[in-house]
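Subject: Structure handover

Hi there,

Here is the structure I promised to pass on to you. Have a look at it first, and then read on for what I found in it.

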Amino acid sequence: MQATTFKVRVDAVRDEAPGIRSFRIARLDGQPFGAYTPGAHIDVTAPSGITRQYSLCGDPERVDTQLFAVKNEPESRGGSRSLHDDVAVGSELTVGAPRNLFQLAPDARRHVLIGAGIGITPLLSMAYRLVRLDVPFELHYFARSEAHAAFLPLLTQEPFARHVRVHFGVVADELDASLATCLANASAGTHLYTCGPAPFMDRVVAAGEACVPADAIHLERFAAEPAAPGEAEAALESFDVRIATTGQTVKVAKGTSIVDAFAAIGIEIDTSCGEGVCGTCMIGVIEGEPEHRDHCLSKAERASNKVICCCVSRSRSPLLVLDL
Ligand code: FES
């Protein structure tokens, strides 16, 4: 089941870089979308029927249209390919309401945004807000070359240019040194945000952990990755899940998700990606110890064990009581 959706028309399509195309959309009913918080993403259902998550990358204050960008991933399940191949100006799509798992920290004194490739998109919406708030920030953008850098003309003009540093053609061996430069001015109160390919973000996080507390590092992943070695063994093969308000209890068997187990007794949990990356199926945990298999909770959320992504995560305790 998907949460609130809107029928939209594509108003503009633009090639931002090789393989990266942006889509500007407006609601078919002519109503405004409403403002969203920077870093938010939406579900977009491609003509192929596949729904994927894409960051909003326009000005969050703009309510008449929304902008998202898609990297064509020919090896993927086909959502991005369909958006590239089957969508043109005038096409109609279904999109979800914005959700945000990658928010700007309101108490930060300084923000450092580090993105690579298509990972620039959520950082762009953050940059709009930070410029408006007039708070100190830097945006570091890593791309293979100038030609491969999406949104470069926008980023290299004011009001962004004074905050943006571009890093072209940095090879793996040089990345740590470049990241150290990006973080040279990090101090107490600095928050770090990163989005891009997983290995890139891993390096950013490692560099960041040497400069700022772990809870000041924020990242967004848009592709599920395999569980870490040993993770799978830590979870119980089967466990019970109880609904706190009704006491209904259902067994989650091996190979079945919490979402599937609830569906079998007629209880639907909202889902979208089904891969632990979007956060749609996130539910509060009142009792028990989840085995987190998602890629969207923060370290602090994982450590608290107060929330679980029901599409992929399991349990280390025989019973989980969920806030339902
Ligand atoms: S449905 Fe996306 S995280 Fe569970």
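The centres of domain 1 and domain 3, taken over C-alpha atoms, are separated by 30 Å. Please keep in mind that this is a predicted model. The contact between these two domains takes four residues from domain 1 and four residues from domain 3. On the domain 1 side, the residues that touch domain 3 are three polar and one charged, with no nonpolar residue. As for the bounds, the domain assignment gives residues 5-96 for domain 1, 110-220 for domain 2 and 231-322 for domain 3.

Next, the sheet with S7 to S11. Five strands make up an open sheet with parallel pairing, and their order is S9-S8-S7-S10-S11. Strand S9 (164-168) and strand S11 (217-220) are at the edges with a single partner strand each, so one side of each has no neighbour in the sheet. On average, and with direction ignored, neighbouring strands here are turned by 15° against each other. As a reminder, strands of a sheet pair through backbone hydrogen bonds, either parallel or antiparallel. One of the pairs is S10 (residues 190-195) with S11, which runs in the parallel sense over four bridges.

Helix H2 (residues 120-133) touches strand S7 (110-116), strand S8 (137-143), S10 and S11, and the direction of H2 makes about 155° with that of S7. Helix H5 (residues 198-209) touches S7, S10 and S11, and its direction makes about 175° with that of S11.

H5 also has a helix partner. How do the axes of H4 and H5 cross? The axes of helix H4 (residues 172-182) and H5 come within 10 Å, and the crossing angle is roughly 50°. The two helices are therefore oblique to each other, and their crossing is right-handed. From H4, the contact uses Leu175, Asp176, Leu179 and Ala180, while H5 brings Arg203, Val204 and Ala207. Sorted by class, this contact has five nonpolar and two charged residues, and no polar ones.

There is another open sheet to show you. Its five strands have the order S13-S12-S18-S14-S16, and the pairing is mixed. Strand S13 (249-252) and strand S16 (307-309) are the edge strands, each pairing on one side only. Neighbouring strands of this sheet are turned by 40° against each other on average, again with direction ignored. Within the sheet, strand S12 (residues 239-243) and strand S18 (residues 319-322) pair in the parallel sense over four bridges. Asp240 has Leu319 in S18 as its bridge partner.

Finally, two backbone details that may interest you. Most residues other than glycine have a negative phi, and most peptide bonds are trans. Where does the model depart from the trans form? A cis peptide bond joins Glu158 and Pro159, with omega at about 15°. Pro159 lies in the loop between helix H3 (152-155) and S9. Asp134 is not a glycine, yet it has a positive phi of about 60°. You will find Asp134 in the loop between H2 and S8.

Notes. Residues are numbered from 1 along each chain as its sequence is written. This is a predicted model: local features need pLDDT of at least 70, side-chain atom pairs count only at pLDDT 80 or more; totals for chains, interfaces and linings use all residues. Two strands pair if DSSP finds at least two bridges between them. Axes are lines fitted to C-alpha atoms, for helices over the stretch in contact, and angles run from 0 to 180 degrees between N-to-C directions. Two residues are in contact if their C-beta atoms, placed from the backbone, lie within 7 Å. Domain bounds come from an automatic or database domain assignment. Ala, Val, Leu, Ile, Met, Phe, Trp, Tyr, Cys and Pro count as nonpolar, Asp, Glu, Lys and Arg as charged, and the others, Gly among them, as polar. Angles under 35 degrees count as roughly parallel, over 145 as roughly antiparallel, 65 to 115 as roughly perpendicular and the rest as oblique. A crossing is left-handed if the near helix is turned anticlockwise from the far one by less than a right angle, and right-handed if clockwise.
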